[in-house]
There are 2 protein chains.
Amino acid sequence: MPLKRSWVESANSPDTDFPLNNLPCGSFRAADGEAHCGIAIGEMILDITALEAEGLLSLDAEEEVFFFGDWTEFMALGPAAWAAFRETVTEMLAEGAPDAEGLAAYLVPQADAKMLMPFAVSEYTDFYASKNHATNVGTMFRGAENALPPNWLSIPIGYNGRASSVVVSGTDVRRPWGQLKAPDAELPVFAPCKRFDLELEMGAIVGQDSEGPVTVGEADEMIFGYVLLNDWSARDIQAWEYQPLGPFQAKATATTISPWIVPKAALDPFRTTTPERERELLPYLREPGPMLYDIQLEVGLAPEGKPETVIARTNYREMYYSSAQQLAHHTTSGCPMSVGDLLGSGTISGPDKGARGALLELAWGGKEPVTLDSGETRSFLEDGDTLTLRGAAQGDGYRIGFGECTGKVLPALDDPYGGRG
Amino acid sequence: MPLKRSWVESANSPDTDFPLNNLPCGSFRAADGEAHCGIAIGEMILDITALEAEGLLSLDAEEEVFFFGDWTEFMALGPAAWAAFRETVTEMLAEGAPDAEGLAAYLVPQADAKMLMPFAVSEYTDFYASKNHATNVGTMFRGAENALPPNWLSIPIGYNGRASSVVVSGTDVRRPWGQLKAPDAELPVFAPCKRFDLELEMGAIVGQDSEGPVTVGEADEMIFGYVLLNDWSARDIQAWEYQPLGPFQAKATATTISPWIVPKAALDPFRTTTPERERELLPYLREPGPMLYDIQLEVGLAPEGKPETVIARTNYREMYYSSAQQLAHHTTSGCPMSVGDLLGSGTISGPDKGARGALLELAWGGKEPVTLDSGETRSFLEDGDTLTLRGAAQGDGYRIGFGECTGKVLPALDDPYGGRG
């Protein structure tokens, strides 16, 4: 599929994340001070909430769905509404659209816009579904012989995360305190995390409720779109707390998502299959078609006041399990899924050293620090570091991007209880 | 504190769960077909939503908070409002209240009322905080030498559960399907759970938002009240899936709570201390006062069409960590907590065999089946079994109860995908 041309000239550049083929969904603080829904087009945002308020959107819904400035109510309308809306907006923004002049009044420059959370996260689940990542981390935590748990090739391993900790790109992240136990210490101390890390992931956003188990094909239909996701991780807290019931406070400080939800429809041309199975999957996990996506990903790290170094480059197609498989597994027990559920893919690591999606792996637990362009080295994140994830699917003369997923590490508080402890 | 007498005569019986000293909060389907907030008093429910609609409640809130028929908005008003409201309702229902006759029109018999979820569960966290339970389960899963994980005496171990699976007492629970791997099998199968179990717990309901770490004292202030909680557990799914990231689908079928939230104020006379520390706690976990409660608990099991046998009797004071400690730990990483968060205490097991809060422990993994009064035995739950948790704090001539927390096990579906798989 070639570039679809828009009357918004900046959307026709091969270098924009947001051509007419994309139409990702975000929320921003509008001039009236309220949260508005918007769609990115080139360097601009089309103000969807304002268009709806003026009666310029023909949505088949009984009430205004964009009034509250996030996409939750729209998602609840379901796949047929998503497709009809996409067609409407595509026509409105296409080159030669008859009402381009009138619509131009609803464009806001992205450069001026403060982005907000694009949806209310109902619940957040994080998975562990890149074989390279699982093998690397398993080797460090449990030794090479026990690297890949026995269930890993059968189950898309996941755990429930904390929805309240999900923030939008641009939010600073405060280094957490927690219980840390040095390998040679008998007892833990309560202190600021020393091994603060990122995790490069994709996030799938569930756009439909379910009751009872769903098939992989049905799960794919339920997914509204995808975001970039950085699951900030406190490795020293994690190492001490995670047995036997899994990560808890190590993963609860923050999870950052990109401001733009790329609709599944925009990614359809980039579908690709999961890799060959090393163990035959149980029938309920088999995919009726290709459900991963060819999305090139990278992580940039910029120390305070210094230029950025790209420390990892990988691709979403490296995953062993797709989000649709993960969602189908999530429902096996009868677990009800809800509009606004967020599924983290798990850290995405490729086979090469430079393709690893976490500092833990890149610097191999601190043994092989990563050298930045500035000459500094990193085993884990330092205060003042800004992390930026980027991702795009490359089409013929256009690309489908997510915008930047960025966050800066603030130093730990001197006293997390502000003298109240 | 003695019994406070009410003009609702059934509230003065020593056998009621709901004397004037209690005033627990629930939601029920009212005659108008809508969800209403209610307060249990003896055998009746005082219709709070109707009273508010008629302007008969003087709440210091800008808008109606009971309109939607659950307690979420009221909880958000905070501890001062909780106390003022409690005083108001106590005066309204006290013996000799001047407007008793008028108020009687707002009483609904509990026997006629269909109870609903009393609040919207924001997020659900389950803990693992009874030392007897942790030791018993650890022995079975990991052997006696590794029974209690090294971190257990330092951390109130918890994991995030699935809020969407929390249901109110009276909801049937369908036996789940899942991945099961027999100890001697090489590969798992996808089949109905064979080791379906209960977990006897208390649930603490967070009534205030937080940002950043809170102290144990602040955490106690944030708790609105307590419920009984049954965390239905699929032990065979759990055994195969839970390493390395914790329980997931094994705990996602359903968690049942009692219909009545007992306010913290009603439990205040029954506060008791956590047991002596076997390892000194880090300062952030130390309690400024007694934060457990002396609440007698029991589990009844009734096979289909047969009478109930009480299979376990224990007490909430058996816990090693209080809910306030758990909540304080939950915030250490900066994890934001929200109105409506539900914290499961973890299974409550006493030291004696008959005081164990799960069939897994009572029947020791199937090796010592429990004999019911009917002569049947149970290692795990059978289809048609009805489980009922009960709990009460015993005062001087009155008791503070929660109502029954009950659910019946329905057989697994023949095909969970209804032919769509």
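The points below go through the symmetry, the interface and a few local features of a predicted model.

1. Symmetry. Chain B is superposed on chain A by a rotation of 180° with 0.0 Å of shift along the axis, at an RMSD of 0.0 Å. That is the relation of a two-fold axis. The same surface serves both copies, since 100% of the contact residues of chain B recur in chain A. Within chain B, the residue that comes closest to the rotation axis is B:Gly246, with its C-alpha at 2.1 Å.

2. Extent of the interface. Chain B contributes 62 residues to the contact and chain A contributes 62 residues. About 5,500 Å² is buried between the two chains, and carbon and sulfur atoms give 58% of this area. On the side of chain B, the residues that lose the most area to chain A are B:Arg162, B:Leu245 and B:Phe248, together 15% of what that side buries.

3. The rule finds six salt bridges between chain B and chain A. One of them joins A:Glu123 to B:Arg162, with 3.4 Å between the closest N and O atoms. B:Arg162 is also among the residues of chain B that lose the most area to chain A. Polar contacts across the interface of chain B and chain A come to 32 residue pairs, both residues being at pLDDT 80 or more.

4. Elements at the interface. Six elements of chain B, namely strand 6 (124-127), strand 7 (158-160), strand 10 (177-180), strand 11 (189-192), helix 7 (235-241) and helix 9 (323-330), each supply at least two residues of the side that touches chain A. Strand 7 of chain B gives the most to that side, with three residues.

5. Helix 9 of chain A. Eight of the eight residues of this helix (323-330) are buried, so the helix is largely enclosed by the rest of the structure. The buried residues are A:Ser323, A:Ala324, A:Gln325, A:Gln326, A:Leu327, A:Ala328, A:His329 and A:His330. Within chain A, they pack against strand 6 (124-127), strand 7 (158-160), strand 13 (200-206), helix 6 (216-222), strand 14 (223-231) and strand 22 (342-344).

6. A:Thr256. This residue is found in strand 16 (255-257) of chain A. A:Thr256 counts as buried, at 1% relative accessibility. The side chain of A:Thr256 makes a polar contact of 2.7 Å with the side chain of A:Trp232. Leaving aside neighbours within four places in sequence, the contacts of A:Thr256 include A:Val167, A:Val168, A:Ser169 and A:Val173. Also in contact with A:Thr256 are A:Leu228, A:Leu229 and A:Asn230, as well as A:Cys405 and A:Thr406.

7. Helix 5 of chain B. The helix (131-142) has 12 residues and reaches 15 Å from its first C-alpha to its last, close to the 16 Å expected at 1.5 Å a residue. Its buried residues are B:His133, B:Ala134, B:Asn136, B:Val137 and B:Gly138, and these pack against helix 10 (359-362) of chain B. Just after the helix, B:Gly143 takes a positive phi of about 90°.

8. B:Ala111. This residue lies in the loop between strand 4 (107-109) and strand 5 (114-116) of chain B. B:Ala111 is exposed, with a relative accessible area of 76%. B:Ala111 and B:Glu43 are 68 residues apart in sequence, and their C-alpha atoms are 7.6 Å apart in space.

Terms used:
Residues are numbered from 1 along each chain as its sequence is written. Chains are lettered from A and ligands numbered from 1 in the order in which they are written. This is a predicted model: local features need pLDDT of at least 70, side-chain atom pairs count only at pLDDT 80 or more; totals for chains, interfaces and linings use all residues. Side-chain values use heavy atoms; hydrogens and water are left out. Helices (H or I, at least four residues) and strands (E, at least two) are DSSP runs, numbered from the N terminus. The expected span of a helix is 1.5 Å times one less than its number of residues. Buried means under 20% relative accessible area, exposed over 50%, partly exposed in between (1.4 Å probe, protein chains only). Contact means heavy atoms within 4.5 Å. A polar contact is a pair of N or O atoms within 3.5 Å; within protein, one must be able to donate a hydrogen and the other to accept it, and residues adjacent in sequence count only if both atoms are side-chain atoms. Copies are superposed by least squares on the C-alpha atoms of residues with pLDDT of at least 70 in both. Buried area is the accessible area (1.4 Å probe) that two parts lose on being put together, summed over both. A salt bridge is a side-chain nitrogen of Lys or Arg within 4 Å of a carboxyl oxygen of Asp or Glu.
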